[in-house]
Amino acid sequence: MSTAHVATFSHATLAFGDRVLWNDLDLTIEAGEFVAVLGPNGSGKTSFLRTLLGQYRLSAGDMTVTEAVGYIPQQHAADADTMALRGRDLVGFGVDGARWGIGLRGYATRRRKVDAALAEVGASAFADAPVGVLSGGEQQRLRVAQALTGNPELLLCDEPLASLDPASQERVVELIDRRRRTAGTAVVLVTHEINPVMPYVDRVLYLVGGRFLAGPPDEVMTTDTLSELYGSHVEVVRVNGRLLVVGGEEGTAHCSGPEELDHP
Ligand SMILES: Nc1ncnc2c1ncn2[C@@H]1O[C@H](COP(=O)(O)OP(=O)(O)O)[C@@H](O)[C@H]1O
Ligand SMILES: [Mg+2]
């Protein structure tokens, strides 16, 4: 795509039956932009990514999006059972998907693409080990590599930091950030933990109970702004340099650090 926009929503609404996830969304995602999608469980974060992937159709309004989209799906516990799969096999799925019969020439090209993606995420050293023996952080780096094999202009990441220790979270975020700086890849990243991504984020899209707010993190992540969005009092506090959102419709804290990870 030659324009600087990788995706544009205009008066966009997504609803399932009576359940409106967002309404009248106007949002343009620029090349190289880092957008964090925040909000409580069930607020529509994954659905937002699925809409960008073309898996969900808007109920109203319009969306345009580049065809070059990479996707790191939300991870589930069952995905970890991968003793028969090597790191390079996982990354290879990004190159050939479900295609068959790519031929000898195809294998050389495939190998080159896989090796380049492995090198980009610093995974060459453990590329031949079974995925199941690798740490969570190493596995997540392979999943980033898989999503990058198609050379995307837009990289969608669904909770890529969940269940990683803080050092691994930082490594994965840095990796994603480096990619958008060097290649101009726009990033839309769903996260429960704002803190590891806070230094990199250009814009926050905050989804709550059918409403949304988009803006720079300093503007969105305030007690007044989020209280208005939630329609009830929430408190944005800083504890030891970390941002915490306390309250909200569930009466619990979220957007917190890894030690409070309790979501699926
Ligand atoms: N294909 C679907 N059909 C019906 N409802 C759906 C579908 N996908 C998601 N939803 C509903 O939309 C809401 C938001 O889901 P989701 O986007 O997964 O939330 P989040 O990722 O923020 O936790 C949930 O109530 C979910 O049940
Ligand atoms: Mg989700």
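What percentage of the 264 residues of the protein count as buried? In this predicted model, 38% of the residues do, a residue being buried if 20 or more other C-beta atoms lie within 10 Å of its own, exposed if 12 or fewer, and partly exposed in between, with C-beta atoms placed from the backbone. The protein has eight helices and 12 strands; helices (H or I, at least four residues) and strands (E, at least two) are DSSP runs numbered from the N terminus.

**Conventions**

- Residues are numbered from 1 along each chain as its sequence is written, while chains are lettered from A and ligands numbered from 1 in the order in which they are written.
- Because the model is predicted, local features need pLDDT of at least 70 and side-chain atom pairs count only at pLDDT 80 or more, whereas totals for chains, interfaces and linings use all residues.

**Confidence and contacts**

- The average pLDDT, the predictor's confidence in each residue from 0 to 100, is 88 for the protein, and 87% of the residues score at least 70.
- Over residues 250-264 pLDDT stays under 50, and the model has 28 contacts beyond four places in sequence for this segment.
- Where pLDDT is low, predicted coordinates should not be read in detail.
- Two residues are in contact if their C-beta atoms, placed from the backbone, lie within 7 Å.
- Of the contacts in the protein with a separation of 6 or more, 66% are accounted for by residues 24 or more positions apart.

**Helix H5**

- H5 (residues 166-183) has 18 residues and reaches 26 Å from its first C-alpha to its last, close to the 26 Å expected at 1.5 Å a residue; the expected span is 1.5 Å times one less than the number of residues.
- Its buried residues are Ser168, Gln169, Val172, Val173, Ile176 and Arg179.
- Seen down the axis of H5, these buried residues fall within an arc of 135 degrees, so they line one face of the helix; the arc is that of the directions from the helix axis to the C-beta atoms.
- The face of H5 turned away from the buried side carries the exposed residues Ala167, Arg181 and Thr182.
- Helix H4 (136-148), strand S6 (154-158), strand S7 (186-190) and helix H6 (194-197) are among the elements covering the buried residues of H5.

**Helix H4**

- H4 has 13 residues and reaches 19 Å from its first C-alpha to its last, close to the 18 Å expected at 1.5 Å a residue.
- This helix is mostly covered, with 10 of its 13 residues buried, including Leu142, Val144 and Leu148.

**Ligand 1**

- The residues around ligand 1 are Phe16, Leu21, Gly39, Asn41, Gly42, Ser43, Gly44, Lys45, Thr46 and Ser47, each with its C-beta atom, placed from the backbone, within 6 Å of the ligand.
- Helix H1 (residues 45-52) gives the most to this shell, with three residues.
- The shell divides into two nonpolar, seven polar and one charged; Ala, Val, Leu, Ile, Met, Phe, Trp, Tyr, Cys and Pro count as nonpolar, Asp, Glu, Lys and Arg as charged, and the others, Gly among them, as polar.

**Individual backbone positions**

- Most residues other than glycine have a negative phi.
- His11, found in strand S1 (residues 5-16), has a positive phi near 45 degrees and is exposed, with 12 other C-beta atoms within 10 Å.
- Ser163, in the loop between S6 and H5, has a positive phi near 65 degrees and is partly exposed, with 16 other C-beta atoms within 10 Å.
- Gly209 lies in the loop between strand S8 (203-208) and strand S9 (211-215); the C-alpha atoms of Gly209 and Pro40, 169 residues apart along the chain, are separated by 8.5 Å.
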